[in-house]
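Please look over the model below before reading the points.

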Amino acid sequence: GRVIADMRNPWHVKRVTPEIIAQLAGILQPGDAIVTRHDDAMSNLFLPGYWIHSSLHIGTEDDRRRLGVRVDPPREARWKHPIRVLEARKDGVLLRGLSDTLSVDAVAVIRPRLSPEHIAEGLSRALTHEGKLYDFEFDFFRSDRLVCTEVVYRGFHGVGGLEFPITRRAGGPTV
């Protein structure tokens, strides 16, 4: 998995431009799930579907304070501008900048219909997983290592009545 994650076409130019990233930065809200695709990723050959990656928009420091997101001091110290995303990639579940996450070819945003209190609860839960390793075995039944969709799942499953059914695809559990 680690080897395949690094295999890309070095001449490929990403289709999501800095202008699109700037537009998205203006409309994204905390709790939004960001689903993306890299056209040149070798993992496209092995993962089912078009949208093979996701991350969680956690918002800005001001958003955190306004919503009352609970976060421990070490994570709070790492959640500084330009950090706006919690994302699981081969290097683990980390806080990342929006432009890093959106260096892709296609993007869609899924916004949950939840109250601000439920958004704060989901983000607080998701942030407890920051710093964990990536789960190359794609085992949804363990929480010490996470895949990308699990960040959203572990944060928001059951919050405000939001449910994510786990289904089998390509022989493994997926959300």
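Which residues in α7 are buried?

1. In α7, the buried residues are C148, E150, V151, V152, Y153, R154, G155 and F156. Buried means under 20% relative accessible area, exposed over 50%, and partly exposed in between, with a 1.4 Å probe and protein chains only. The helix is thus mostly covered, with eight of its nine residues buried. After α7 comes G158, which has a positive phi, near 85°.

2. On the basis of the note: this is a predicted model, in which local features need pLDDT of at least 70 and side-chain atom pairs count only at pLDDT 80 or more, while totals for chains, interfaces and linings use all residues. Residues are numbered from 1 along each chain as its sequence is written, and side-chain values use heavy atoms, with hydrogens and water left out.

3. The chain has seven helices and nine strands. These are DSSP runs numbered from the N terminus: helices are H or I with at least four residues, strands are E with at least two.

4. The largest nonpolar core has 27 residues, of which L56, I58, L86, L123 and L127 touch the most other members. A nonpolar core is a set of buried Ala, Val, Leu, Ile, Met, Phe, Trp, Tyr and Cys residues joined through side-chain atoms within 4.5 Å. At least two residues of this core come from each of β3 (83–89), β4 (92–97), α6 (116–127) and α7 (148–156). The most are given by α6, with five residues. Another core, of nine residues, lies apart from it and includes I21, L24, V85 and L102. In soluble globular proteins, nonpolar side chains tend to be buried together.

5. L56 sits in strand β2 (residues 53–57). L56 counts as buried because its relative accessibility is 0%. Leaving out residues up to four places away in sequence, L56 touches G31, D32, R84, V85, L86, L123, A126, V151, V152 and F156; contact means heavy atoms within 4.5 Å. Between L56 and G155 the C-alpha to C-alpha distance is 9.1 Å, at a separation of 99 residues in sequence.

6. For L127, neighbours within four places in sequence again set aside, the contacts are I58, V69, V71, R75, W79, L86 and L95.

7. How many of the residues in the chain are buried? Of the 175 residues, 45% are buried. Among contacts between residues at least 6 apart in sequence, 67% join residues at least 24 apart.

8. The radius of gyration of the chain is 16 Å, which agrees with the value near 16 Å for a compact globule of 175 residues. The radius is taken over C-alpha atoms, and the globule rule is 2.2 Å times the number of residues to the power 0.38. Along the principal axes, the C-alpha atoms fill a box of roughly 40 × 40 × 30 Å.

9. Two backbone features deserve a look. H81 and P82 are joined by a cis peptide bond, with omega about 10°; P82 is in the loop between α4 (73–78) and β3. F138, a residue other than glycine, has a positive phi, near 55°. F138 is placed in the loop between β6 (133–134) and β7 (145–146), and is partly exposed, with a relative accessible area of 33%.
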